[in-house]
Amino acid sequence: MPEIDINSLIRQNIRNLKPYRSARDDFEKGLLLDANENSLGSPVRNPLDLHRYPTPAQNTLRKKIAKWRHVDYENIFLGVGSDEPIDLLMRIFCEPGRDSIMVTPPTYGMYKVAASINNIEVKEVLLTESFQLRPKEILDAADQSTKILYLCSPNNPTANSMKLTDMVKLVVSFPGIVVVDEAYIDFAKQESMVPLVQQYPNLVVLQTFSKSFGLAGIRLGIAISNPEIIRVMLQVKAPYNINKLTADVAMKAFENMALAKFNIEKILEERDYVAEQLLQAPQVEMVYPSDANFLLFKIKDALQVYHKLAENGVIVRYRGNEPHCENCLRVTIGMPDENIRFLKTLKLIIG
Ligand SMILES: Cc1ncc(COP(=O)(O)O)c(C=O)c1O
């Protein structure tokens with residue numbers, strides 16, 4: 001394993017950064033006349049003192065999440081969705097116009113979008129036809145400029161998990177930061193990479209409240225990594241990135257974990273039912289194995305089917321333009337009646 005000096009991977013301007021500090025970093029109670037808030041309050045009745053800024057570090061929520069994931073709160077960064085840390089990591093480690101990231105298509109599109117916004121080159125090493133990683137090719141394609149490797153497991157849009165041994169091999173051998181996006185991990189049979197952040201300083205695991213918690217609307221994402229990386233992320237983020245409403249709902253979610261777990265089980269049951277039903281249609285050539293809350297399937301004339309589904313008010317994603325995904329559609333598992341409506345509409349269209 002090459003010795004990784006995380007500090008030397010960080011952009012010079014970030015290493016030199018004097019982070020913004022608000023008085024709330026030091027004081028949360030007292031006569032609060034420090035932040036130019038409207039002390040008379042808002043016209044919206046609320047129990048959360050919304051006329052006050054939220055706490056910058058969100059330590060209470062970080063501690064709650066840390067306990068749930070069996071890490072220390074210093075391993076936890078909270079972002080506005082996981083889309084925020086995807087972008088933030090590029091801004092910390094990649095010099096615009098000079099450095100690159102690596103992605104493994106077909107995969108989640110935001111890695112490339114965030115790289116474009118930040119003027120960072122994107123190197124691509126395709127997954128195999130069975131949607132697995134090619135560690136040797138990835139390592140061969142990386143050069144000195146390649147600061148971050150984005151892996152996604154379970155992967156969107158292919159739905160499968162990457163082999164744990166391949167991901168560990170890459171974390172061990174890749175000479176930069178390895179981000180493993182685990183947005184769908186709570187639906188997966190495969191284990192999370194989170195325990196490995198204690199061992200590998202270059203590993204960052206991303207998770208989110210948008211999927212298994214069913215809280216896409218509150219925009220809360222999590223990055224789990226070693227305290228050195230988390231500290232820099234906290235310095236670079238906007239001072240009050242997690243708002244009070246989001247934090248409040250997230251804390252309440254922990255009071256009803258049994259329901260979250262029940263819903264996950266229900267989605268998995270429904271997913272297997274939808275897969276089984278899809279396979280009965282002769283036009284469906286393949287339903288790919290899923291470790292997530294959606295299915296990727298190959299169907300004759302997929303683009304036409306996609307448009308006809310939309311005309312009937314059933315919206316899925318056409319993924320046929322992605323590598324190895326010719327004629328593929330991606331469907332999210334819905335409520336039982338929604339799944340039945342999807343299947344019925346599809347059968348009506350394909351005859
Ligand atoms: C793999 C993957 N990562 C991240 C996200 C975005 O998650 P968030 O809602 O936390 O920004 C998605 C959303 O679809 C996703 O599929």
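Student: Where is Arg-219 found?
Tutor: Arg-219 sits in the loop between strand E6 (203–208) and strand E7 (221–224), and please keep in mind that this is a predicted model. Its phi is positive, about 55°, although Arg-219 is not a glycine.

Student: Is Arg-219 buried, exposed or partly exposed?
Tutor: Arg-219 is partly exposed, because 19 other C-beta atoms lie within 10 Å, and a residue counts as buried at 20 or more.

Student: Which other residue has a positive phi although it is not a glycine?
Tutor: His-324 does, with a phi of about 60°, and its place is in the loop between E10 and E11. His-324 is partly exposed too, with 14 other C-beta atoms within 10 Å.

Student: Back to E7, then: which way do its residues point?
Tutor: Gly-221 and Ala-223 point one way from E7, while Ile-222 and Ile-224 point the other way, and all of them are buried. In a regular strand the side chains alternate between the two faces of the sheet.

Student: How many bridges join E6 to E7, and how do the strands run?
Tutor: Four bridges join E6 to E7, and the two strands run antiparallel; Gln-207, for instance, stands opposite Ile-222 in E7. Strand E1 (residues 76–79) is also joined to E7 by four bridges, again antiparallel, and there Gly-79 has Gly-221 as its bridge partner.

Student: Switching to helices, which residues of H11 are buried?
Tutor: In helix H11 (residues 302–311), the buried ones are Ala-302, Val-305, Tyr-306 and Leu-309. Seen down the helix axis, the buried residues of H11 fall within an arc of 105°, so they line one face of the helix. On the other side of H11, Leu-303 and Glu-311 are exposed.

Student: What do the buried residues of H11 pack against?
Tutor: They pack against strand E9 (294–299), strand E10 (317–318), strand E11 (328–332) and helix H12 (336–350). After H11 comes Gly-313, whose phi is positive, near 80°.

Student: Last topic: where are the cis peptide bonds at Pro-154 and Pro-157?
Tutor: The bond from Ser-153 to Pro-154 is cis, with omega near -5°, and Pro-154 lies in the loop between strand E4 (146–152) and helix H7 (164–173). Another cis bond joins Asn-156 and Pro-157, with omega about 15°, and Pro-157 is placed in the loop between E4 and H7 as well.

Key
Residues numbered from 1 in each chain as written. Predicted model: local features only at pLDDT ≥ 70, side-chain atom pairs only at ≥ 80, totals over all residues. Buried ≥ 20, exposed ≤ 12 C-beta atoms within 10 Å, placed from the backbone. Arc of directions from axis to C-beta. Contact = placed C-beta atoms within 7 Å. Pairing = 2+ DSSP bridges.
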